[in-house]
Amino acid sequence: MSSTKHDLKNIHVELINITDLHPYPNNPREWTQLQLDQLKSSIRRNGWLEPIVVNRAAESFNVILGGNMRFSAAKELGYTEIPAICIN
């Protein structure tokens, strides 16, 4: 079995102010209000379990690559910052 070596020096986790984040404009995923409410209930009950993924490249700085629904839930819940895996 072979293994692949990954360069992880450009990946880190940080708390980001929610007002600095931008949803991915071409996100193909859609959700209902019921699904969003269920996610908000889960976050209230269990806390924040998984960071969103954010692009830090200059041309798309702070665009959300993964976790747009969690971002929407956080906004509705009144979060001011959320954990994000930042990649270049």
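Asn 62 is buried in this predicted model, with a relative accessible area of 5%, where buried means under 20% relative accessible area, exposed over 50% and partly exposed in between, with a 1.4 Å probe and protein chains only. The model is a prediction, in which local features need pLDDT of at least 70 and side-chain atom pairs count only at pLDDT 80 or more, while totals for chains, interfaces and linings use all residues. Residues are numbered from 1 along each chain as its sequence is written, and side-chain values use heavy atoms, with hydrogens and water left out.

Asn 62 also has a backbone feature to look at: a positive phi of about 65 degrees, although this residue is not a glycine. Asn 62 sits in the loop between β2 (52-55) and β3.

For orientation, the overall layout comes next. Two helices and four strands make up the elements of the chain, and their order from the N terminus is β-α-β-β-α-β. Helices (H or I, at least four residues) and strands (E, at least two) are DSSP runs, numbered from the N terminus. The chain has 88 residues, of which 31% count as buried. Taking contacts between residues at least 6 apart in sequence, 80% join residues at least 24 apart; contact here means heavy atoms within 4.5 Å.

The two helices meet each other. The axes of α1 and α2 come within 9 Å and cross at roughly 70 degrees, which makes α1 roughly perpendicular to α2. Axes are lines fitted to C-alpha atoms, for helices over the stretch in contact, and angles run from 0 to 180 degrees between N-to-C directions. Angles under 35 degrees count as roughly parallel, over 145 as roughly antiparallel, 65 to 115 as roughly perpendicular and the rest as oblique. On the α1 side, the contact is made by Gln 33, Gln 35, Leu 36, Leu 39, Lys 40, Ile 43 and Arg 44, and on the α2 side by Met 69, Arg 70, Ser 72, Ala 73, Glu 76 and Leu 77. By class, these residues divide into six nonpolar, three polar and four charged. Ala, Val, Leu, Ile, Met, Phe, Trp, Tyr, Cys and Pro count as nonpolar, Asp, Glu, Lys and Arg as charged, and the others, Gly among them, as polar.

Within α2, the buried residues are Asn 68, Arg 70, Phe 71, Ala 73 and Ala 74. Their cover includes α1 (33-46), β2, β3 and β4 (81-87).

The loop between β1 and α1 holds Ile 18, which is buried with a relative accessible area of 9%. Ile 18 touches Phe 71, Ala 74, Lys 75, Tyr 79, Thr 80 and Glu 81, leaving aside residues up to four places away in sequence. Thr 19 lies in the loop between β1 (11-17) and α1 and counts as exposed, at 64% relative accessibility.

Finally, in the segment after β4 comes Asn 88, exposed at 61% relative accessibility. Its C-alpha atom is separated by 4.9 Å from that of Ala 57, 31 residues away along the chain. Beyond residues up to four places away in sequence, Asn 88 touches Asn 10, Arg 56 and Ala 57.
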